[in-house]
Every structure is written in structure tokens, then in C-alpha cells.
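Q: Could you take a close look at one helix of this model, and then follow the chain onward to the strands and the loop that come after?

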Amino acid sequence: MEPSPRPEVRAVIFDMDGCLVDSEPLSLEAVAAEMRHAGLLNATAAEVGEKYLGVSLSRIIQDVEDRLGRPCPPDFIDRMETRLFKAYKAGLQPINGADDLLVALAKAGIAVAIASGASVRRLDRTLEYSGLDRFFPTHRFSADLVSRGKPAPDVFLLAAERLGVAPQHCVVLEDSPHGIKGAVDAGMRAVGFVGGSHLIGRESHHAVILREAGAAQTVHYLSEAFDALVRKVTLP
């Protein structure tokens, strides 16, 4: 049987935290700190990363409330984001190679967007502090804008709709199994990324998790990502 051609890629949709911006260690600790403040005294950044990487805050809050048996403090998100933005100002950096990858995609005529589980406010601040906002002046989409966050496909489908690109012509770069599942369920090819600093020492293990979730392949460096995302090859 002849191999089938990969559909032409017209758009790349990025997760933000841990894929373009090395923010996950800061984000995980900020969420863990607010979980402890809410009453889960043993919450750690490692636990948050294990259970909730790539999941929207609304889903995390629901789980925290289920575990506590009572509502979270009403200012949970505001406190977490205030804590996080303070850390961002101290030195938030793009992941090495992010600028070069985004420039290369623009030169190739490939549209780009962000589909994130972060709030609109956090998404905007993260792009601003990291200096990547110039690449995404409008096509930045938060879980706040859809009824279901990842692992549902809604935010990916919203991004494709606003880009005017059919899902089969979109490819997604994600670092979480929840995001990979959402991309696949949206009818998009998914590439896993394991180069964020929150995955140091467990890149190979996490690559297996992403492939099991549906990633077509995984990459460790953004310098490798252009070919993985858009190169025209045939699939077995």
C-alpha cells in the first residue's frame, strides 16, 4: 500500500507555557502555593505538574474544591496570577529558539496562533513579559474564551476558525498530554515538545507519555521543530 501524503500545513498552533516560554516552573509553584493557601497544605509544584500540566485553572479549582469539600477562596486566581506576574518580572524568558522558529514560520507563509489554558490576562502578560507578543498581535486564544478547556478540543478549534484554516491543515506544538489529546480530538496533527526546564531529567519518559496521548512525534529543541511541524513527508 502506498504511503499517504501528509496534508499541507497552513497553520501552527502553539501551547504557550513550556513550549514557547519557559514559565512552567514558575506557574506550577504559583498554583501549588495557592492550593496550600486554600487548605491543601501538602501541595507541591511537582504534584501540580504531574496532575495538572496543560489543564485550565477552572478545572484545577474544581478538583481542589472536590478534595477540600468546600469552595476555594474567591480570589484564588487573582492571588495566583499576582504571585506569578511578580516572578515573571524578575526574569521570564522565551525558550531558546522560539524567536527563530516564529520568524522561519512567517517567512514560509505559515500562520501562527496560541491556544492556551491560561486566562486572557495571564496570556497577554506572559507574551508581553517574554517579548513574544509581536508574533501574536491578535491570534492568541485562552481557555476563558471557550466552554471547555483542554483536554477538550474547543480552544484549538477556535484558533483554527479565527485563522481561517481547516483543522486538518493545522499542526499543534504541545508539552502536555492533555493538550496533545485536545489537538488530536480537534482533527489536528500534534507534535510533542519536551525541552522545557520543568522536564529536565525526564524528557524521555515524558516523550513516551506524549506519544501515548497521540503525538505524531516529539522534539527536544525548538531548533528541530520547523521540520517536525511543517516539512512535507509521507507517513506510513
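A: In this predicted model, helix H2 spans residues 45-52, and its buried residues are Glu-47, Val-48, Gly-49 and Tyr-52. These buried residues pack against two other helices, namely H1 (24-38) and H3 (57-68). An α-helix has 3.6 residues a turn, so residues three or four places apart point the same way. Just after H2 comes Gly-54, whose phi is positive, at about 85°.

Strand S2 (residues 11-14) runs parallel to S3 and is joined to it by four bridges, with Phe-14 having Ile-114 of S3 as its bridge partner. S3 also pairs with strand S4 (residues 140-142), again in the parallel sense, over three bridges, and here Ala-115 stands opposite Phe-141 of S4. Together with helix H6 (residues 120-130), S3 and S4 make up a β-α-β unit that is right-handed.

The loop that lies between helix H7 (154-163) and strand S5 (170-174) holds His-169. Because its relative accessible area is 14%, which is under the 20% cut-off, His-169 counts as buried. When neighbours within four places in sequence are left aside, the residues in contact with His-169 are Pro-7, Glu-8, Val-9, Arg-10 and Ala-11.

Definitions and conventions
Residues are numbered from 1 along each chain as its sequence is written. This is a predicted model: local features need pLDDT of at least 70, side-chain atom pairs count only at pLDDT 80 or more; totals for chains, interfaces and linings use all residues. Side-chain values use heavy atoms; hydrogens and water are left out. Buried means under 20% relative accessible area, exposed over 50%, partly exposed in between (1.4 Å probe, protein chains only). Contact means heavy atoms within 4.5 Å. Two strands pair if DSSP finds at least two bridges between them. A crossover is right-handed if, with the strands pointing away from the viewer, the path from the first strand over the helix to the second runs clockwise.
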